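Here's a walk through one model, going from a single side chain out to the cores and the charged pairs. Keep the viewer open as you read.

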Amino acid sequence: LEDSLVLRSVLEPGAAEAAARREHDENAQAMLHDRVEAVAATTTRQSHRLADARLHLAIAELSGSVSLIAAVADVQMSMTDLLEAIPVVPHNIERSHEQHAAIANAILTSRPEDARRHMQEHVSGTAALLRGFLA
């Protein structure tokens, strides 16, 4: 648990920051918007987890770093079983959607510090839930 959470807390905020430092064409912008909307539109735990992982991978893709994409994919895979072990709390899901939108907005408006901060808040919130339910 702790190893995955530490790795995620380092990788994913950095990926969001790196993505916000790059310019993105209309296709990339549309893809990120679509991924954010796809997470919010899910109706089952399994579909939510898949859409959420795809969003986090899309953010890594926008960083332009193949190595970072692979690392985020690995950390997302390690999170799957952990996240399946905790109950779905509607308030937490709503907050996650708000955070996703804030991260995407910061990336698409070229605000790297905000992208990092929003992603750090997001992964920290998930870490707190996991520690609370699994520790």
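Start at threonine 126, which sits in helix α6, residues 112–134 (helices here are DSSP runs of H or I, at least four residues, and strands are runs of E, at least two, numbered from the N terminus). Threonine 126 counts as buried because its relative accessibility is 15%; buried means under 20% relative accessible area, exposed means over 50%, and partly exposed is in between, with a 1.4 Å probe and protein chains only. Leaving aside residues up to four places away in sequence, threonine 126 touches Arg8, Met79 and Leu83, where contact means heavy atoms within 4.5 Å.

A word on what you're looking at. This is a predicted model, so local features need pLDDT of at least 70 and side-chain atom pairs count only at pLDDT 80 or more, while totals for chains, interfaces and linings use all residues. Residues are numbered from 1 along each chain as its sequence is written, and side-chain values use heavy atoms, with hydrogens and water left out. As for pLDDT (the predictor's confidence in each residue, from 0 to 100), the protein chain averages 94, and 100% of the residues score at least 70. Confidence is lowest in helix α4 (residues 66–84), with a mean of 93, and highest in α2, at 97.

Now for the nonpolar cores, meaning sets of buried Ala, Val, Leu, Ile, Met, Phe, Trp, Tyr and Cys residues joined through side-chain atoms within 4.5 Å. The largest has 20 residues, and Ala16, Leu32, Ile59, Leu62 and Ile107 have the most contacts inside it. At least two residues of this core come from each of α1 (2–20), α2 (26–40), α3 (45–63), α5 (90–108) and α6. Another core, of seven residues, lies apart from it, with Leu5, Met79, Leu82 and Leu83 among them. Go back to leucine 62 and, not counting residues up to four places away in sequence, you'll find it touching Ala19, Arg22, His24, Ala28, Met31, Leu32 and Ile107.

What about the charged pairs? A salt bridge here is a side-chain nitrogen of Lys or Arg within 4 Å of a carboxyl oxygen of Asp or Glu, and by this rule there are eleven. In one of these, arginine 131 pairs with glutamate 2, with the closest N and O atoms 2.7 Å apart. Arginine 131 is in helix α6 and glutamate 2 in helix α1, so the pair ties together parts that are 129 residues apart in sequence. Arginine 131 counts as partly exposed at 34% relative accessibility, and glutamate 2 is partly exposed too, at 41%.

Next, look at arginine 8 again, the contact of threonine 126. Its side chain meets that of glutamate 12 in a salt bridge (3.1 Å, N to O). Both lie in helix α1, four residues apart, about one turn of the helix. Arginine 8 counts as buried because its relative accessibility is 4%, and glutamate 12 is buried with a relative accessible area of 1%.

Glutamate 84 and arginine 45 form another salt bridge, the closest N and O atoms being 3.8 Å apart. This pair links distant parts of the chain, with glutamate 84 in helix α4 and arginine 45 in helix α3, 39 residues apart. Finally, Glu17, Arg21, Glu113 and Arg116 are linked in a network of salt bridges.
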